[in-house]
Amino acid sequence: MSQNQTDLREIIKAEYIKCAQDPAHFMKKYCYIQHPLQGKIIFNLYPFQGKVLNLWKENPYNIVLKSRQLGISTLSAGYSLWLMLFHRDKNILCIATKQETAKNMVTKVKFMFDNLPNWLKVQAIENNKLTLRLANGSQIKAVSAAGDAGRSEAVSLLLIDEAAFIEGIDSIWASAQQTLATGGGAIVLSTPYGTGNWFHKTWVAAEANDNDFLPIKLPWYVHPERDEAWRKKQDELLGDPRLAAQECDCDFSTSGDVVFYPEWIEFIKETTIQEPVERRGVDKNLWVWESPNYTQNYMVLADVARGDGKDFSAAHVIHIETNTQVAEYKGQMPPKEFGYFLVSLATEYNDALLVIENANVGWSTLDSAIERGYRNLYYSPKSDSGNSDSYFDQFSDHSKMTPGFTMSLRTRPLVINKFREYIGDKSVTIKSKRLLEEMKVFIWKNGRPEAQSGYNDDLIMSFATGMYLRDTSLKFKSQNLEMSRATLGNMSVNRTGFTGAYNNSVANPYSIQNGMGGAEDISWLIR
């Protein structure tokens, strides 16, 4: 062997060792990437990318909250290739929202591998669209997001791309825990997408040192070629400052398909949220802010739990005139017992209008209220219920009404939209932090507003029902009363003997018979 050959072997050996020790050196000198404008170029890392690599190398669990277009997915592809080349039996599993997205990560790895000098390569024994497996036992494989992803194999590195957008990632992570327990690690990447999902909760816990993840935050300005002009341009290009804040600023509060905007949530939090004056009941779940004023009018809105332990029965007491929340309940109580509880609560608050949703187990709760003979129970038009031959016809106060509020495909979007209007107009006073927490994780999912997976919306739906009724049934009742008042005002001769809607035999002239032998004070409607 000539001296030149010996020198070359020593140079390659030294370079190989340097690459094995330093992934940044390996990428900057030998990894090629496909740039969208410049084509095939060497992966010349920015300083922030080199720092991220060092963090990944030193920490097995990393969660990266990132801005768009920082090249972090490409960086993770280079890091994966480095692990595969310079370590034996490294099994890397790439998970994304769709298999096609995960496949793109493998494609980046394969492009880098194919363009390496021969002295850096390890023989590939499997090389297809979804897998690259080397002779040293290392491999990378792409799979789509599924609950059993990674369950059946020992994973050295779990690479999750755009984790905030993966539906059911909680179960994926739970499945992967057994495979990672043998010494594996994870790199979780995502731009933010709303709060309350697995990515958000894991990030918050990482910042609080409550899990094993190292939190790495990469907003837009870590990129040395970006300035304020670039950031302002993103608002224009993306067409929505909220979306730009999500994509560029790593801002959880402005991201996701939220039903209630962050500024609305913040306003309520800063101006009206209060600790309850009193916590009542065996479970201390009845929160009270204001005691009943017997000269005022209230309504009690209730949503009944299914009884399977996954949701809660919820109720609100709302002061009708001021539209202020004065009491709230959220707990797990048997449906019939909940009905007795609601009758007691509504009676306490000046015989409040009691509104109970009549879906499924709600009938059992309604039956309790009817059994107790509660007189100010809300009835829905039977056309809303979609059931004209209901067994509960016997409880109706006339043939066109059915007890309780019917949340149907027609009324549900109207109820939610009315609640949004009241929140947006700042014309309702919410005092409960429990309700506010539900509002934070109430999102649009396939065009339908509902709680994020793993959360509840019981308080929201019951409160929203109150806003809808306040602006529909009660409003129409007020308008009809004004018409009756104008008509009856001309009946001065027979006024004392009139026994219809207007009754002058009681101290309050604005009292109507409720059809059940009692009178209801409705003077608040005509003030």
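Reader: How many salt bridges does the count come to by this rule?

Author: A salt bridge is a side-chain nitrogen of Lys or Arg within 4 Å of a carboxyl oxygen of Asp or Glu, and by this rule the count comes to 21. The model is predicted, so local features need pLDDT of at least 70 and side-chain atom pairs count only at pLDDT 80 or more, while totals for chains, interfaces and linings use all residues. Residues are numbered from 1 along each chain as its sequence is written, and side-chain values use heavy atoms, with hydrogens and water left out.

Reader: Which residue forms a salt bridge with K29, and which parts does the pair tie together?

Author: Helices (H or I, at least four residues) and strands (E, at least two) are DSSP runs, numbered from the N terminus. K29 forms a salt bridge with E15, and their closest N and O atoms are 3.4 Å apart. Because K29 lies in helix α2 (residues 23-30) and E15 in helix α1 (residues 3-21), the pair ties together parts that are 14 residues apart in sequence.

Reader: Are K29 and E15 buried or exposed, or in between?

Author: Buried means under 20% relative accessible area, exposed means over 50%, and partly exposed lies in between, with a 1.4 Å probe and protein chains only. K29 counts as partly exposed at 43% relative accessibility, whereas E15, at 14%, counts as buried.

Reader: Which parts does the salt bridge of E348 and R280 tie together?

Author: In this salt bridge the closest N and O atoms of E348 and R280 are 3.0 Å apart. E348 lies in helix α11 (residues 335-348) and R280 in strand β11 (residues 278-280), so the pair ties together parts that are 68 residues apart in sequence. E348 is partly exposed, with a relative accessible area of 22%, and R280 counts as partly exposed at 23% relative accessibility.

Reader: What does Y298 touch?

Author: Contact means heavy atoms within 4.5 Å. Leaving out residues up to four places away in sequence, Y298 touches several residues, including S291, N293, H319 and A352. The place of Y298 is in strand β13 (residues 298-303), and at 3% relative accessibility Y298 counts as buried. Y298 and A352 are 54 residues apart in sequence, yet 4.8 Å apart in space from C-alpha to C-alpha.

Reader: How does one check the span of helix α14?

Author: The expected span of a helix is 1.5 Å times one less than its number of residues. For the 14 residues of helix α14 (residues 411-424) this should be 20 Å, and the end C-alpha atoms are 20 Å apart, which agrees.
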